[in-house]
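Okay, thanks for coming, everyone. Let me put the structure up and talk you through a few parts of it.

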Amino acid sequence: MEKTWNNKAWFMVLPVLVLVAFSAVIPLMTVVNYSVQDTFGNNEFFWAGTDWFIQVLQSDRFWDALQRNLLFSGIILAIEIPLGILIALNMPKKGLGVPVCLVLMSLPLLIPWNVVGTIWQVFGRVDIGLLGYTLAAIGIPYNYVNNVLDAWITLIVMDVWHWTSLVVLLCYAGLVSIPDAYYQAAKIDGASRWAVFRYIQLPKMKRVLLIAFLLRFMDSFMIYTEPFVITGGGPGNATTFLSIDLVKTAIGQFDLGPAAALSLIYFLIILLLSWIFYTVMTNSDAQS
Amino acid sequence: MATVSQRTNRWPLALAVVLIVYAALTGLLISALPVKDGARDWFAPLIPGGWMAWSFPGAMFFLTIFALLSLMAVWEYASPGGNPRVGILRFETTRGDRLFVSLLGSAFIHLAWLGLVGPNVWWALALSVVYAIGVFKLV
């Protein structure tokens, strides 16, 4: 197919290229340069070659943190995507309920990450927190500070509370864009509720679900602030995700070389997984 | 004024420009290397005290990536349209997609080599070139 071509369009792209260069490309170049060198500060660098990559790739610390990240993202996606669809399907489509539901759904998204962490950190405390105190009062042993399972449950519930709304709002936007004619046709054909969902609503939500899936995957895979505030990576290293490990290496230990190597590996994993998800989902969309 | 894209026969000039700029910048980087005991120090900082920590291998890495992108632009100039096709992955890819898959795959080949074999990455580089040729032929 022949297409229209106008070279002046390149000048329109120039501002974005400059912005991306300053916000992404230059920092990325610096991280690549740091990953093959060693420094003790004062901008003095010594060649280290691939040593930091080997050190990171052969450390149990990296693989354990990666496994925790994958497990956390898997659980988050398995809960938030179906729950978000379910809530969006049951939200009112007209009347006063629409703005009320939309505002209520938007509220968790407006709260900064560190505040969300602090809310749940206090909420879950056994001595003063509403959740922790209540559970202790009814005889359920719960303590996210020294129990691994409790720490994980707290983080997962916190993330579901914070981010399911995003999936709901995206799915809701997809649902309200479906013309009434589809529902009328389904009614004439006597389609069941499940058939309407499976053959009308789900295909029409596919694009927004792709965005929701990718956003939630990338966000949960890069999670840092909330677990840092709630558990600090503990108990032990039970909630030390790659991002927390990275900050500990870079700022806690001032090992900038290994931290740069770790952040590049981390970046490549996110890029690969996002590309796989995007490709699989867009191609299944194109085939259907 | 908008025109309709078509094959152009001026692409060898564009190709020559890219290759000459690549060679000239490589020469410039080599000449900027500090000389220690009569020999060039290939791994010394290119800008002593510079916060971006530029070294010759780091600069060559990015120069090569930019050269590859420029060569893709020349290819697009010579034969517009991106050459979309369905390969062994059973979905449509353009030249840009194939380059992305090649670069991403090469990065993981290098990481796997470093984690499993050792620090000498020349074999990993050779393997990556073979992989990239495979991607451009089959994907």
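So, to start: which are the buried residues of helix H11 of chain A? Helix H11 of chain A covers residues 242-252, and its buried residues are A:Leu242, A:Ser243, A:Ile244, A:Asp245, A:Leu246 and A:Thr249. By buried I mean that 20 or more other C-beta atoms lie within 10 Å of the residue's own, with 12 or fewer counting as exposed, anything in between as partly exposed, and C-beta atoms placed from the backbone. Helices here are DSSP runs of H or I with at least four residues, strands are runs of E with at least two, and both are numbered from the N terminus. After H11(A) comes A:Phe254, with a positive phi near 55°.

Quick housekeeping. This is a predicted model, where local features need pLDDT of at least 70 and side-chain atom pairs count only at pLDDT 80 or more, while totals for chains, interfaces and linings use all residues. Residues are numbered from 1 along each chain as its sequence is written, and chains are lettered from A and ligands numbered from 1 in the order in which they are written.

Chain A as a whole, then. There are 12 helices and three strands in it, and of its 288 residues, 28% are buried. The C-alpha atoms of chain A fill a box of roughly 75 × 70 × 30 Å along the principal axes.

Leaving out residues up to four places away in sequence, A:Ala261 touches A:Ser35, A:Trp52, A:Phe53 and A:Val56, where contact means C-beta atoms, placed from the backbone, within 7 Å.

Last stop, chain B. Helix H2 (residues 56-78) and H3(B) pack at about 160°, with axes 11 Å apart; the axes are lines fitted to C-alpha atoms over the stretch in contact, and angles run from 0 to 180 degrees between N-to-C directions. H2(B) and H3(B) are therefore roughly antiparallel, the label for angles over 145 degrees, with under 35 being roughly parallel, 65 to 115 roughly perpendicular and the rest oblique. B:Leu68, B:Met72 and B:Trp75 of H2(B) meet B:Arg95, B:Gly96 and B:Leu99 of H3(B).

How values were computed. Contact = placed C-beta atoms within 7 Å.
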